[in-house]
Amino acid sequence: MKRRWGGLVLALLTVPTGLVLAGCGFGPSAEDEAPGYAREAGVPRVRGKDLPALPLDRYDFSGRDHRRIQEAQARVTQRCMRSYGFEDFPLHPGRGPAMAESFNLVAIYVPPYGSLDLAHARRWGYGLDPAVLKEGRDGSRHEGRTPTDAEESVLDGTGGRNGRAEVLRGRAVPEGGCEALATRRLLQDEKNARQRYFVSERAEKLDKAVAEDHRVRRAFRDWSRCMAGKGFTWYESPAEASGDKAWHTGRKDGNTARTKKELATAVADVECNHALNTAGVWWAVSAEKQRAEVRAHKGRYEAVRAYLDRVRAIAREELG
């Protein structure tokens with residue numbers, strides 16, 4: 001669930017190694033051994049860019065689930081549009097002017113433990129590869145033609161007058177149009193969708209508890225000391241470093257400027273994280289609190305699992 005207490009960076013979708021270190025100071029290098037508390041039993045050693053799954057992850061859709069659900073929604077939408085006479089309506093319509101405007105800025109999730117991708121930090125700092133947004137960060141596809149005005153009125157349900165549904169071919173257009181109909185078909189009604197909200201709300205509370213845990217506070221303090229030892233700004237946490245407004249100065253597209261200072265800071269950030277196993281400590285504390293949470297509310301979490309399975313089943317049916 002991409003909702004943990006990190007910063008949000010608005011962004012549009014080969015750095016010389018000499019830029020990486022501003023000074024040796026007293027911060028550990030990537031080769032140094034992590035402190036004892038970061039090597040205790042139950043604390044995973046994170047050296048790459050990925051963390052193990054957390055207990056609450058099984059109560060949300062996976063990336064593959066999201067892609068399948070989007071594809072199923074596209075098929076339901078297309079079937080709906082064809083039922084109103086738009087026989088050649090594309091499965092993945094292109095972005096019209098209104099849609100394109102809505103994609104100008106994208107909220108980028110920044111994990112509380114920061115980035116772990118050293119290659120990305122060296123090339124893009126705290127920003128995005130512009131090609132990512134061009135392809136569609138959410139994995140959506142828009143290779144088809146742009147809908148006509150007549151199609152748009154049925155697609156989003158805006159063709160009615162005085163708040164009344166438009167009638168086409170003797171049938172009223174669904175509330176919110178064919179797109180909304182597809183969303184209701186896949187994700188069901190608001191009451192069922194509340195199952196997922198429950199997990200997000202509980203996760204937000206857990207994340208605050210993790211942030212205040214003495215083990216995480218110690219890990220982040222050591223990370224801050226490492227950054228300062230390399231000659232960089234004292235940030236209270238990796239999320240604060242990635243969200244520094246200085247990286248966005250003078251940018252109109254929302255992406256970072258990728259200055260030498262930004263790139264060097266981002267690289268030092270990842271190196272300190274790897275050396276101290278900061279992300280591993282955060283993961284261990286989060287996993288501990290999440291396991292306790294699931295035990296305390298087992299019935300509610302099983303209801304969420306049942307809802308997710310129903311949605312997956314609908315997607316399978318639509319995808320054949």
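The link of C80 and C178 is left-handed, with -65° about the S-S bond, and it bridges distant parts of the chain, with C80 in helix α1 (residues 63-83) and C178 in helix α6 (residues 177-187), 98 residues apart. This is a predicted model, in which local features need pLDDT of at least 70 and side-chain atom pairs count only at pLDDT 80 or more, while totals for chains, interfaces and linings use all residues. Residues are numbered from 1 along each chain as its sequence is written, and side-chain values use heavy atoms, with hydrogens and water left out.

Disulfides overall
- A search of the whole structure finds two disulfides, a disulfide being a pair of cysteine sulfur atoms within 2.5 Å.
- When bonded cysteines are counted along the chain, the disulfides of the protein follow the pattern 1-2, 3-4.

The C80 and C178 pair
- The S to S distance in the disulfide that joins C80 to C178 is 2.0 Å.
- Both C80 and C178 are buried, where buried means under 20% relative accessible area, exposed over 50% and partly exposed in between (1.4 Å probe, protein chains only).

The C226 and C272 pair
- C226 is joined to C272 by a disulfide with an S to S distance of 2.0 Å, and this link is left-handed, with -80° about the S-S bond.
- C226 lies in helix α8 (residues 214-229) and C272 in helix α10 (residues 260-276), so the pair ties together parts that are 46 residues apart in sequence; helices (H or I, at least four residues) and strands (E, at least two) are DSSP runs, numbered from the N terminus.
- C226 and C272 are both buried.
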